[in-house]
Amino acid sequence: MSLKKKVAVLAGDGIGPEVMDVTLEVLKKALGNQYTEFEFQSALVGGAAIDAVGEPLPKETLSLCESSDAILFGSVGGPKWESLPPEKQPERGALLPLRKYFELFANLRPVKLYPELAHASPLKEDRLKNGVDILIIRELTGDVYFGQPKGREGKDKNEKAYDTMVYHRYEIERIAQVAFDSAKMRKNKVTSIDKANVLTSMVFWREVVTQFANDYNKQGNNVQLEHMYVDNAAMQLILNPSRFDVLLCSNMFGDILSDEASVLGGSLGMLASASLSTRKNQHGYKFGLYEPAGGSAPDIAGKGIANPIAQILSGALMLRYSFGLNEVATKIEKAIEKAIQNGARTRDIATEKDRVLNTKEIAEEIIKNL
Ligand code: NAD
């Protein structure tokens, strides 16, 4: 008997449960006969878990994640829990420990602008005529955020503070691997971001990525590599976003560029993300946590009007990266594209002329295309 493909479903708070419900319907339909190979099991997380058992990441939830192959995460938090001490709050108390526990070293954020939604993007439409379809891959566990030494010392005019930007070869190689493997499933192009004109650690980054690319392509691959300084990349993302395919970034540069790029897609409700682990799951793929880039949207929670596309796209990323089901993932992405082309809009991406659909209705439009 083959092993089940196990998914821990942590819907969380606010719009989390609403968008998760319809996402599971979409996944069921997209998987067709393969659905029986899956086991989706839900558990409490975030504010919902605090209310039920007094902590944001209960032991039972962590052990469900531990025995699963991937985590499909909704969102956590809301005004109700904001007066708790920071470490007990839903986001700090649940997401951060999960990231640490599962050594999530690679953050993936696809940014896609559908031509029909160009009106929702802050860029002028002529900048967007060639479309935007970028995958930002950000290293998550190294860099100046964690490098030692860091500290403060001295007094008066000599008082100073410092952080250390440091990367090990293995850290650069493993994030480059994710970027090149991803590019192979897309348009075969990686743009590696650095500041090699001034920073020693970034000269090293460029060297290691170049060596990695040479070795990678010697194994019968054909992924093009270009290098770009981070300051130029910040400009090009606005001037000519369609020139990019996969952007490979260190932790700090990825932090900044991914937020810059995130607005190109028009709405937080369209933005998915994946965080991949150093661990493999029992099917030989990377364990990962998949979640929308936005939060629990308390302002619209409970109204059934949230855009579920970010959550659905997160589910597609999960099928691609943690279960090797690239074709099913692509099928879901195409079904969303078609629904948008056919005029399906939730409130966040609608113009005055559009008929506005609610969460369930837009999911039905997507399901129809599967
Ligand atoms: P938010 O992302 O929840 O909302 C920002 C704005 O975007 C709101 O107007 C919201 O309605 C809109 N929005 C977000 N997702 C949407 C969707 N799917 N469809 C339509 N509109 C959508 O950010 P916030 O208001 O700063 O934070 C609210 C709560 O979420 C806070 O408690 C915060 O800590 C938490 N949060 C959680 C996560 C997470 O779980 N990973 C991430 C960010 C914020």
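I start with helices H5 and H6, which cross in a right-handed sense. Please keep in mind that this is a predicted model. H5 covers residues 169-184 and H6 covers residues 200-218; their axes come within 9 Å and cross at roughly 50°. That angle makes H5 oblique to H6.

Which residues of H5 and H6 meet? On the H5 side they include Ile172, Ile175, Ala176 and Phe180, and on the H6 side Phe204, Trp205, Val208 and Phe212 are among them. Sorted by type, the residues of this contact are 11 nonpolar, two polar and four charged.

The second pair is H1, residues 16-31, and H10, residues 326-341. Here the packing angle is about 120°, with the axes 10 Å apart. H1 is therefore oblique to H10. The crossing of H1 and H10 is right-handed. H1 contributes Val26, Leu27, Ala30 and Leu31 to the contact, and H10 contributes Val328, Lys331 and Ile332. Six of these contact residues are nonpolar, none is polar and one is charged.

Now the ligand. There are 21 residues around the ligand, and Val76, Glu91, Gly295, Ala297 and Asp299 come nearest. Where do polar atoms of the protein lie relative to the ligand? For glutamate 91, a polar side-chain atom is 2.7 Å from an oxygen atom of the ligand. Alanine 297 uses its backbone instead: an N or O atom there lies 2.8 Å from a ligand oxygen. Glutamate 291 has a side-chain N or O atom 3.2 Å from a nitrogen atom of the ligand.

Methods
Residues numbered from 1 in each chain as written. Predicted model: local features only at pLDDT ≥ 70, side-chain atom pairs only at ≥ 80, totals over all residues. Heavy atoms only, no water. Axes fitted to C-alpha atoms, helices over the stretch in contact; angles between N-to-C directions. Helix = DSSP H or I, 4+ residues; strand = E, 2+ residues; numbered from the N terminus. Parallel < 35°, antiparallel > 145°, perpendicular 65-115°, else oblique. Left-handed = near helix turned anticlockwise from the far one by under 90°. Contact = heavy atoms within 4.5 Å. Nonpolar A, V, L, I, M, F, W, Y, C, P; charged D, E, K, R; others polar. Near = heavy atom within 4 Å. Polar contact = N/O pair within 3.5 Å; in protein donor to acceptor, adjacent residues only side chain to side chain.
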